[in-house]
Amino acid sequence: MFARRRKHFGTPADKATYATLHTASLASPYLREGLTPAAAGKASKHLRDLLGTAAIAICDSTGVLAWDGVGGPYESNHRRDAKDLAGPTLRSGRTAVLGAHDVACGDPQCPIRTAVVAPIVTEERVVAVLLAYSNNTSAALVRATEEVARWVSGQVELAELNKERTRAMEAELRALRAQISPHFIYNALAAIASFVRTDPERARELLLEFADFSRYALRRGGEYTTLADELRNVERYLVLEQARFGDRLKVSLLIAPEVLPVVIPFLVVQPLVENAVRHGLEGTTGVGNITIRARDRINEAEISVEDDGAGSDPEVIRAALSGESGSDSVGLGNVDARLRQVYGDAYGLIVETAVDAGTKVTFRIPKYSSGVHASP
């Protein structure tokens, strides 16, 4: 009974729609890499399947980025002429329908006799064209080629947005490193120097911790890391701070093992811990308690950093989150902005604080998010 139902599942129109969407989904990942020769070459087979033509070409102002379809001498003949055929559409942005006198190579066996040339546009600029070659041209093929070119345009625009996001995040990371370094490096080196004569072995161990911390924090490339690696670097930071503050700094780590492999943006926990140390201990003579938690929330990981220090005026925190100058909170606005860039506004920092009441900073991370992968 089940087999008979499956045999008749869906109308021909349903099946055609599914096949079209499936083929588009196969091309999409390559186009999201940008309109490079490698990406266009991988996507071109699927684009030709969408159109059902003898061949397609993708050209930009430099020449032919990709060709798929008839090969041998037919390909060499038509590929050579593709850039010239693409030129008018690259300049005008208008679809062109070309007949045999423009396209045919003179070989009566060649299946290519006409072409439709449609623009690929991003930000109102023609960046490339899609050429669909066939034996004859119909109004349906013209419309289909224009729609496929319009869909490719959308994918290429998304690729450009991803590149812009990457550049923005890299700039934010550079800004964060510049902000953290003056605060931390001076204090860490001063703490190490204090042990050079009294306890050389301790000084050596701290220097190695400092080197490992710096290598991680200042590494080039890689927007993401695992929570395990981020917490490992936080521990290095805390070892150096405990050398400075001694028994005055008490740290508790409550980490659910299930969330350690979760991928998070690089350097989002350490700045929060640095804030907790600064506002929880600096300027005071008592003991400061800092608690770092990472909880499993089914589809998310929840990370929090809490101190029992002097707390802060909520208006000061709002200024820090908005990136206003004058705030002495290390990287709060930077971390908040990067979390929102990657996951959306629902995943920014949540700060609970009041004067003389300590501070707790919490954020959530989806366990799985498209395009978010830890760097090796």
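## A tour from strand β10 to the cysteines

Start by selecting strand β10, residues 300-307, where seven of the eight residues are buried (under 20% relative accessible area with a 1.4 Å probe and protein chains only; exposed is over 50%, partly exposed in between). Strands (E, at least two residues) and helices (H or I, at least four) are DSSP runs numbered from the N terminus. This is a predicted model, in which local features need pLDDT of at least 70 and side-chain atom pairs pLDDT 80 or more, while totals for chains, interfaces and linings use all residues. Residues are numbered from 1 along each chain as its sequence is written, and side-chain values use heavy atoms, without hydrogens and water.

Val305 in β10 is the bridge partner of Ile292. Two residues lie between the strands of this hairpin, and Ile298 takes a positive phi near 65°.

To find one of them, select Ser304 and its partner in β12, Thr362.

Move to helix α9, residues 270-281. Its end C-alpha atoms are 16 Å apart, which agrees with the 16 Å that its 12 residues should span at 1.5 Å a residue (the expected span is 1.5 Å times one less than the number of residues). Of those 12 residues, 11 are buried, among them Pro271, Leu272, Glu274 and Arg278.

For the second largest pocket, select Gly34, Leu35, Thr36, Asp60, Thr122, Glu123, Arg125, Val127, Val156, Glu160 and Lys163. A pocket is an open set of points on a 1 Å grid over the protein atoms alone, where a 1.4 Å probe fits and protein lies on both sides within 12 Å along at least five of seven lines; lining residues have an atom within 4 Å of a point. Helix α6 (139-195) and strand β5 (125-134) each supply at least two lining residues, and α6 gives the largest share, three. The lining has five charged, three polar and three nonpolar residues.

What is the relative accessibility of Cys59? At 0%, Cys59 counts as buried. The disulfide count is zero, a disulfide being a pair of cysteine sulfur atoms within 2.5 Å. Cys105 is in no disulfide, and its nearest cysteine sulfur, that of Cys110, is 3.8 Å away. With a relative accessible area of 29%, Cys105 is partly exposed.

Technical notes: Pairing = 2+ DSSP bridges. Nonpolar A, V, L, I, M, F, W, Y, C, P; charged D, E, K, R; others polar.
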